[in-house]
Amino acid sequence: LVYLYSRHNSDWITLTYKGGLGTLAHDNPTPPGDPAKKVSPDVQPGAVPGTFEVEILKQGANPGEGYTVAQIREKRLQPIANAPDQYHRFGGWFIDGNNNGVKDGSETLLADDYRFTGAGDTVVTAYHEEDPAKWVDISFAAGEHGAITGAATLHDHYDRTWGEIVPTQGG
């Protein structure tokens, strides 16, 4: 008994990953794939340095066709998205409509049930959100003999010293 595999290229798209403000990494670049690794060997370095590409099944005419974002993650078909610094963490993927690497305007994170459609290839960008454990909000209040000029609140890294937050006077 012989099985033949035939793939209809029109049912697939190339998904390109960009790092946004962070970087992308691969922990399993060559076959055979180690299932303990975070990334499938099907994810390959992209044509542009720092990007990765993978072919995915896109949504077809029938409901339920194509991979969802959750299935792509489960199949390990995405690179590791490293945050730009210790104060941020990976928050998801978005389609960067203005190609500036930042989620802004009407750009939204792709939901787990999102399916890729269209005839062309797609580029998604990593979104890095603030890690709430690494940020603090400081509120300033004037005492009975004082006043506050400027901002009454400050949103900053949790590990900054007071000397780094408040500029030295007179020098």
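**Figure 1. Salt bridge between arginine 73 and aspartate 112 in the predicted model.** The side chains of the two residues meet at 3.1 Å, N to O; a salt bridge is a side-chain nitrogen of Lys or Arg within 4 Å of a carboxyl oxygen of Asp or Glu. Because arginine 73 belongs to helix α1 and aspartate 112 to the loop between β6 and β7, the pair ties together parts 39 residues apart in sequence. The count by this rule is 3 salt bridges. This is a predicted model, in which local features need pLDDT of at least 70 and side-chain atom pairs count only at pLDDT 80 or more, while totals for chains, interfaces and linings use all residues. Residues are numbered from 1 along each chain as its sequence is written, and side-chain values use heavy atoms, with hydrogens and water left out.

**Figure 2. Open mixed sheet of 5 strands.** The strand order is β3-β4-β1-β7-β6; strands are DSSP runs (E, at least two residues) and helices likewise (H or I, at least four), numbered from the N terminus, and two strands pair if DSSP finds at least two bridges between them. β3 (44-45) and β6 (88-94) stand at the edges with a single partner strand each, so one side of each lacks a neighbour in the sheet. Strands β1 (residues 12-18) and β7 (residues 122-130) run parallel and are joined by 4 bridges. Lysine 18 has threonine 125 of β7 as its bridge partner.

**Figure 3. Lining of the largest cavity.** About 50 Å³ of space lies in this cavity (a set of points on a 1 Å grid over the protein atoms alone where a 1.4 Å probe fits but cannot get out; lining residues have an atom within 4 Å of a point). The lining includes Leu15, Tyr17, Trp93 and Phe116. β1 and α1 (69-74) are the elements that give two or more residues to the lining.

Technical notes: 1 Å grid on protein atoms, 1.4 Å probe; cavity = no way out; pocket = protein on both sides within 12 Å on 5 of 7 lines; lining within 4 Å. Points joined across faces, edges and corners; volume = space filled by probe spheres on them.
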